[in-house]
Amino acid sequence: MKRLPALLLAMVMVFSLAACQSQKPPASNTPGNDPNKPVSEQSADDILSTKEYLKTYKTSFSSSYASFNYFSTAYATVRSIVANCIDGLVEPDIYGVYIPSLAEKWEHNEDQTVWTFYIRKGVNWVDHTGADTGLSVTAQDFVDGIRYIGDPLNGAYSLRVVRNLIEGLYDYYWDLDDIDCGDKTDMTREQALARFNDMVGVKALDEYTVQYTLTSSAPYFLSLIESSMLLLPVEYDYAVAQGEDFAVDNEHMLYCGGYYISHFERDKAITLSKNPLYWDLEHITVDTVEYQMIPEGTTSLEMFKRGEVDSVSVEAEEYLTLQGTEWANGLIPTERSLSTNYLWLDFAGANPEFNTFVQNENFRKALQYSLDRVAIASLRDPVNPQRILRGTINAEDCIYDSNGMDYTDYPVLKAIKETDYNNPKLARQYMETAVSELCDEEGNIKGISATQVDYLPVGTFSVDAKLPVTVIYVGTDDENEIVMAQLMKSMVEEAIGKDLIDFQIVCFSGWTYGTVADPLNYDIYFDSLSTGYADPSGLLTRMTTDGAENVGCYTVPEYDELVDRAMEADTFEKRLAYFAEAEAYLCNGAYVIPFISSLRGYYMTNCMPFTSPLTLYGNSKFKGTLVMDRPLTLAEYNTLDAAYELARAEALKAD
Amino acid sequence: MRKYILSRILRSLITVAIVFVAVFMLLRLMPLSGYFPQEILKETDEATRMTYLRNQGLLDHPLLQLWRFLQRLFQGDLGRSLTVYPKVPISTLLKEKIPVTAAFGFASMVTGIVLGIALGLLMVRYKDKWGDRAGTVYILLVRAIPSLIYLFFIQVWVSKWFHLPLVFYKNRPSSWILPTICLSLGSIAYYALWLRRFMVDEENRDYVKFAQVKGLSKKEVLRRHVFKNAVIPLTVYIPTDLLFIISGSLIIETLYAIPGTGGLLTSAIKAQDNNLVQVIVLMYAVLSVVGVFLGDLLVAFVDPRIKLTEGE
């Protein structure tokens with residue numbers, strides 16, 4: 001009996017002694033140790049020319065790759081894999097200018113409603129071992145992609161834009177659906193399927209020429225090809241033969257991109273290997289991309305420090321803890337985000353106090369002017385919060401007219417960009433005006449009575465139909481969002497005054513779109529929207545009175561009319577001008593309150609920046625990626641960034 | 001005994017059926033919007049969403065859906081995941097995930113029992129001395145400190161000190177050590193605490209004093225009598241660990257990136273993946289019932305004084 005305790009004790013002592021040892025990061029993994037001369041003296045060419053690059057890139061993912069079916073999977077994670085494994089017709093170069101991919105060249109008619117693409121010859125599909133299947137990528141594969149998504153039984157997601165844009169696809173889809181429901185009995189399903197070639201505006205003119213006929217002018221069509229997985233090709237017979245198994249893992253799909261998925265371990269690891277038959281092999285600079293799942297952010301950071309992954313994102317808190325350490329000079333600010341964070345106001349909710357006030361523009365403006373956006377942005381970037389601010393719905397630096405003018409620089413939107421919305425005095429004035437219009441002298445809100453507000457499953461709330469106005473902010477239980485909500489509460493109550501507004505926060509652990517937003521169980525909630533392709537219609541047509549994105553159920557006929565005019569405009573410049581007016585109308589009326597972009601913090605990387613395609617609307621590609629054996633330093637990044645921005649401006653001008 | 005076993009099996013089947021049908025029906029009360037992730041809800045119109053749901057059979061009468069599920073189940077088809085892993089066969093998912101979780105669960109159960117009993121014995125052997133106090137400190141730390149704190153400490157610092165991998169890799173045996181230790185910390189404390197308590201109780205019994213009066217040494221009394229009797233109440237919990245072995249730990253699997261079943265049920269419920277929830281609930285219900293049943297049998301086996309039926 002004595003031996004066992006002694007053994008245990010010995011184990012504990014060994015454990016403790018060993019624990020006293022320490023380990024430093026390897027010298028080769030320390031930022032800034034490599035350059036032959038001080039970074040400040042280096043040019044971009046020096047930095048690029050003095051490196052040897054690795055052939056394997058190790059990265060991580062935090063949430064599951066549920067499936068690789070690029071037609072019926074909504075998850076953004078899937079796009080990042082598919083972007084590297086299935087090529088589209090075109091792709092952006094490192095400056096974001098569209099260059100040939102599977103299409104060698106393309107043309108369109110004058111009003112940009114008919115687009116013709118000439119497909120590259122000699123490109124074959126490969127399987128998950130990289131072996132040639134003998135099946136060529138042809139124009140028919142692009143036609144079949146649309147055929148696949150046009151059948152409701154294939155369950156394609158995110159159809160709205162493509163289904164409405166490609167001529168005849170909308171009717172083809174709903175005819176099939178009517179037949180499936182039994183509502184249409186004058187033809188069989190087979191007959192309806194056979195009508196595809198005649199009915200839908202996508203045709204294989206010959207083996208290597210595909211033509212899209214669109215329902216309206218689409219100068220942004222190339223960006224849609226980049227952003228939408230629904231316009232990718234498919235080997236139809238193969239996909240149909242796989243049935244429901246199509247692309248559920250790496251073994252049930254075919255590849256025509258720079259990489260194929262050679263190894264897939266669900267929720268654990270994915271390996272992309274260089275496609276030996278790829279048409280652009282010389283630009284595939286990394287042979288193998290190794291993904292591993294790291295659900296926990298801090299673990300990723302530690303793994304980067306130990307050299308086990310080549311890049312990591314760094315949140316604000318981590319950024320602060322890294323200051324003063326040897327890693328501080330490797331922290332690079334994230335570059336851009338097309339996603340905008342905004343507050344949704346509920347125009348049809350059950351809270352009579354909020355419902356009365358939200359219809360009043362002065363009240364909405366009071367909310368709009370009470371937010372100190374810089375303070376909110378500081379939660380994400382304590383060093384340079386200004387770069388996160390955004391007052392418009394569409395992101396800047398992604399939609400340009402034919403003169404190269406940024407859409408958000410159109411005068412009405414530029415005015416919004418330049419407005420300082422942090423104005424507590426003005427917020428109070430707006431609120432006082434709203435109160436004078438909506439309340440009697442004793443502070444009773446006109447036309448309503450005290451009641452119990454049923455926002456279940458979020459909760460129930462008592463309102464007394466008197467000032468202060470009760471506002472229920474319903475957020476998630478995410479730690480960062482709770483801090484942001486608390487900050488907003490203090491800002492709003494301080495600016496408007498607790499005598500006039502009672503901003504209540506509910507952190508609902510069961511928050512989903514289906515439990516809170518869709519059934520209108522909130523007064524205010526926080527969400528984000530992304531500019532999906534190089535045209536404001538992607539967002540703005542969804543925000544009309546009957547639009548899918550009008551979650552708050554406002555009614556703004558003036559906005560709807562401007563959107564209609566934009567859609568009917570005969571030139572792209574007029575279209576953008578109308579859209580700009582419409583967007584400004586929504587923002588100035590504070591129907592929604594955009595306040596910051598979704599840009600988050602910083603990152604550290606072993607990759608040379610600006611060497612792979614600038615994928616504004618799609619997901620990053622590994623084509624051209626250069627992996628170093630040490631982290632990039634901020635000084636190096638800044639030098640390269642300056643040179644890149646000059647070159648990009650030139651490239652965009654020449655485009 | 002045979003009658004007892006048959007009656008228990010029958011009652012177990014009824015319990016499992018009630019649990020399963022209740023969960024199945026409750027899932028059908030959830031809002032239809034819950035079947036879609038937020039991006040899809042906003043991007044897709046109502047009609048398209050209804051088309052999708054109808055094609056998945058989710059708009060059919062719940063009893064019809066139940067009948068279809070049972071038919072498929074008896075043909076050995078567990079169906080496909082709806083939302084968490086769209087269209088992936090559930091049998092494939094379970095085949096991939098259960099072995100990983102079970103391997104860790106089994107390793108941690110063995111570690112927990114062996115080290116827990118060893119620590120319990122140490123505490124009894126050195127009652128009110130250093131061994132007892134050290135054990136008590138350990139138990140207090142494990143039970144009182146929020147587990148995330150020490151689990152995180154172990155993952156980041158202990159892995160660094162001992163040059164162990166930060167996360168789990170199937171082909172690197174050294175990466176199994178920390179998750180196994182983390183998984184067993186709680187059960188070590190549990191077994192040590194209760195073994196000590198039961199043994200201290202037993203030590204005060206008359207038969208122990210009688211044995212010592214007869215001249216047996218304390219060590220011999222502890223080994224031959226006290227330990228055997230004290231360990232009996234603990235055996236009942238061992239089969240119930242069966243469920244734990246399969247269900248995994250959400251926190252530890254997340255920390256060490258273990259592709260197991262931890263959190264699978266939670267994810268499935270949150271994403272309203274009816275098919276996946278049904279199968280997991282059915283599996284867990286069966287395992288729970290079997291675990292309790294085996295516990296009863298094991299107790300009767302290790303302690304012949306315990307009778308499961310009257311008249312035996």
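Which elements of chain A and chain B cover the buried residues of α11(A)? Before I answer, a word on the model. It is predicted, so local features need pLDDT of at least 70 and side-chain atom pairs count only at pLDDT 80 or more, whereas totals for chains, interfaces and linings use all residues. Residues are numbered from 1 along each chain as its sequence is written, and chains are lettered from A and ligands numbered from 1 in the order in which they are written.

Helices (H or I, at least four residues) and strands (E, at least two) are DSSP runs, numbered from the N terminus. A residue is buried if 20 or more other C-beta atoms, placed from the backbone, lie within 10 Å of its own.

Among the buried ones are Leu301(A), Met303(A) and Phe304(A). The cover includes β1, β13, α12 and β22 of chain A, together with α7 and α12 of chain B. After the helix comes Gly307(A), with a positive phi near 75°.

I turn now to strand β9(A), residues 209-213.

Two strands pair if DSSP finds at least two bridges between them. Strand β5(A) runs antiparallel to β9(A), joined by 5 bridges, and Tyr118(A) stands opposite Thr209(A). Strand β8(A) also pairs with β9(A) in the antiparallel sense, over 4 bridges; here Val202(A) faces Tyr212(A). These two strands, β8(A) and β9(A), form a hairpin with 2 residues between them.

Notes
A residue is buried if 20 or more other C-beta atoms lie within 10 Å of its own, exposed if 12 or fewer, and partly exposed in between; C-beta atoms are placed from the backbone. Two residues are in contact if their C-beta atoms, placed from the backbone, lie within 7 Å.
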